[in-house]
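Work through the exercises below with the model open. Each task is followed by a solution in steps.

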Amino acid sequence: MQSTMMDVPLSLTRLMLHATTTHGDARVTTWTGEGSRSETYAAMGERIARLANVLRDFGITGDNRVGTFCWNDQEHLEAYLGVPAMGAVLHPVNIRLFPEQIVYVTNHAEDEVVVVDGSLAVPFGKLLPQLKTVRHVLVTGDADLAAVAADGVEVHRYEEALAAAEPAFPWPEVDERQAAGMCYTSGTTGNPKGVVYSHRSSYLHASGLSRGDVLALSPLDRVLPVVPMFHANAWGLPYGAALVGADLLMPERFLQGAPIAAMIEAERPTVAGAVPTIWNDLLRHGREHGADLSSLRVVICGGSAVPRSLMAGFEQEFGVNVRHAWGMTETSPLASIAIPPRDVADDEERMRIRLSQGRLLPEVEYRLIGDDGGVVPNDGTSLGELEVRGPWVTARYYQEDDPAKFHDGWLRTGDVGTIDELGYLAITDRSKDVIKSGGEWISSVEMENALMAHPDVVEAAVVGIPDEKWQERPLAAVVVREGAALDAAQLREALSAQFAKWQLPDSFTFIDAVPKTSVGKFDKKVLRRRFAEGDLEVRTLPHE
Ligand code: AMP
């Protein structure tokens with residue numbers, strides 16, 4: 001029997017129109033370093049219509065791609081809402097990729113127009129001659145345009161183009177399965193791979209993110225996406241906030257602890273999201289200089305495992321609830337979030353659950369695949385690689401075959417862990433980062449967490465290094481707090497409370513900073529390479 005319901009598409013056109021009319025009083029506020037500039041969603045709605053007219057005059061119709069090369073700010077949001085709403089495809093380019101990767105993704109996506117942040121005009125201009133499909137560039141702010149030039153490319157000032165355009169646009173009704181946007185993975189090996197989101201997947205993801213079992217967003221919220229809009233769509237926070245009419249606070253390029261603290265104090269966000277590296281910096285700043293973070297009802301943190309020291313520090317010293325989430329560019333990205341069940345009385349048990357990657361959302365089906373290729377039970381101890389599928393999980397990469405990433409209609413996440421009876425996922429490692437010592441696994445993530453719990457440790461990453469007897473042994477790369485005296489023996493002693501003797505690392509290296517990927521995650525590939533090239537000064541203790 002067929003339903004009697006209307007078959008109306010779920011689209012970002014609808015989302016944008018709802019946000020800029022029904023929630024026209026909500027605001028987007030961009031931090032400028034000293035203060036902020038702000039606009040209502042209603043006024044932004046008119047600017048979005050003007051942008052759509054500008055793009056249509058450039059010949060953007062159907063599924064042409066429009067790139068952005070921007071920080072998180074109002075203009076970036078205008079493109080975010082306007083480009084998909086007109087039926088075209090938004091491609092936020094990761095400005096932190098290596099230059100050759102930026103060229104690769106822009107050419108691969110065949111971006112025809114790029115909206116460029118004025119403060120990035122010079123680095124973008126250097127690459128422009130290699131961007132084969134770009135015909136028009138819109139530069140925000142009042143940057144010097146001389147740096148942005150290439151044969152066959154017209155360069156415009158964003159504000160002037162908008163001012164000259166009509167303030168109304170005939171918004172189309174798009175097919176919900178059409179492409180709305182695309183992001184490339186920040187893959188540390190090989191070329192980044194493209195994931196293409198549909199209107200339907202983006203709309204459902206925005207709805208899911210806003211729901212009570214995730215962030216419970218409402219028009220009363222002020223949402224601060226510190227996570228860049230080019231990193232898995234800032235985890236869906238811009239679309240989620242727009243959908244419910246929450247204010248958006250944009251940090252622009254001011255991403256260190258001090259300016260983030262200043263922005264939080266001045267603009268009083270209720271919800272914020274970023275990777276642990278950013279929150280660690282804010283925590284350090286708050287400890288040294290004080291910070292009023294009392295407006296935050298929840299901070300969403302993911303992208304890599306949240307260290308216990310970070311979660312406990314925010315909660316105990318600043319009263320802020322850090323909520324751990326897991327996801328991937330391939331999963332839109334939000335797939336799981338850690339909210340403990342209501343009746344967990346024991347503080348230690350609550351913390352254990354909050355430090356897990358949480359429960360998968362209802363839209364994301366999951367299973368763990370063991371070493372023998374079979375499904376392992378969700379008993380909290382059986383390890384396996386996580387596979388997922390669902391309406392906002394990608395079924396393939398854009399114009400690239402990668403059969404190893406897909407398995408009978410499921411996405412192989414490359415993350416290894418356990419799931420307990422209540423569905424809480426605990427990731428112990430990336431499959432390529434697991435350390436296998438004498439046939440047994442050592443979780444690099446757990447060891448990093450334990451090291452970072454030491455008050456004198458700023459950051460720590462653990463990688464496997466070849467060993468004749470045990471195949472692999474852990475090497476701990478540690479960044480010690482300035483002025484602190486901490487040696488390898490003390491660190492190993494500190495770890496011995498939590499790890500079996502055979503798991504304890506014998507090799508330590510003290511470094512200035514853990515190398516990071518373009519989205520702020522520990523780049524263990526670089527550490528392994530530096531070790532292989534003899535570039536790390538390793539202190540090896542006798543094996544006990
Ligand atoms: P990306 O597509 O750049 O967001 O990277 C996705 C990968 O980041 C996942 O496959 C995980 O390996 C890692 N990741 C994301 N969130 C978490 C988390 N909460 N804990 C541990 N690893 C995470």
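A residue is buried under 20% relative accessible area, exposed over 50%, and partly exposed in between. The model is predicted.

**Exercise 1.** Classify Glu252 and Arg253: buried or partly exposed?

*Solution.* Start with the contact. Glu252 and Arg253 form a salt bridge, with the closest N and O atoms 2.9 Å apart. Next, take Arg253. Its relative accessible area is 37%, so Arg253 is partly exposed. Then take Glu252. Its relative accessibility is 11%, so Glu252 counts as buried.

**Exercise 2.** Which parts of the chain does the pair Asp402 and Lys193 link?

*Solution.* First, the bridge: the closest N and O atoms of Asp402 and Lys193 are 2.9 Å apart. Second, the places: Asp402 sits in the loop between strand S18 (384-389) and strand S19 (406-407), and Lys193 in the loop between strand S8 (179-184) and strand S9 (194-198). The two residues are 209 residues apart, so the pair links distant parts of the chain by the strand runs used here. Third, the cover: Lys193 has 19% relative accessibility, and the cut-off is 20%, so Lys193 counts as buried.

**Exercise 3.** How many salt bridges are there, and which residues are linked in a network?

*Solution.* The count comes to 37 salt bridges. A network of them links Arg37, Arg47, Asp73, Glu75, Glu78 and Glu159. Now set this against the charges. The chain has 50 positive and 76 negative side chains. The centres of the two sets lie 1 Å apart.

**Exercise 4.** Why does the radius of gyration agree with a compact globule?

*Solution.* The chain has 544 residues, so a compact globule would have a radius of gyration near 24 Å. The chain has 24 Å, which agrees. Then the interior: buried residues make up 58% of the chain. Then the contacts: of those with a separation of 6 or more, 67% are between residues 24 or more positions apart. Last, the surface: the chain exposes about 22700 Å², with 49% of it supplied by carbon and sulfur atoms. The secondary structure comes to 15 helices and 27 strands.

Note on methods. Residues numbered from 1 in each chain as written. Predicted model: local features only at pLDDT ≥ 70, side-chain atom pairs only at ≥ 80, totals over all residues. Heavy atoms only, no water. Helix = DSSP H or I, 4+ residues; strand = E, 2+ residues; numbered from the N terminus. Rg over C-alpha atoms; globule rule 2.2 N^0.38 Å. Buried < 20%, exposed > 50% of the residue type's maximum accessible area, 1.4 Å probe, protein only. Contact = heavy atoms within 4.5 Å. Areas by Shrake-Rupley, 256 points an atom, 1.4 Å probe, with all protein chains shown as cover. Lys, Arg positive; Asp, Glu negative; His and termini not counted. Charge placed at Lys NZ, Arg CZ, Asp CG, Glu CD. Salt bridge = Lys/Arg side-chain N within 4 Å of Asp/Glu carboxyl O.
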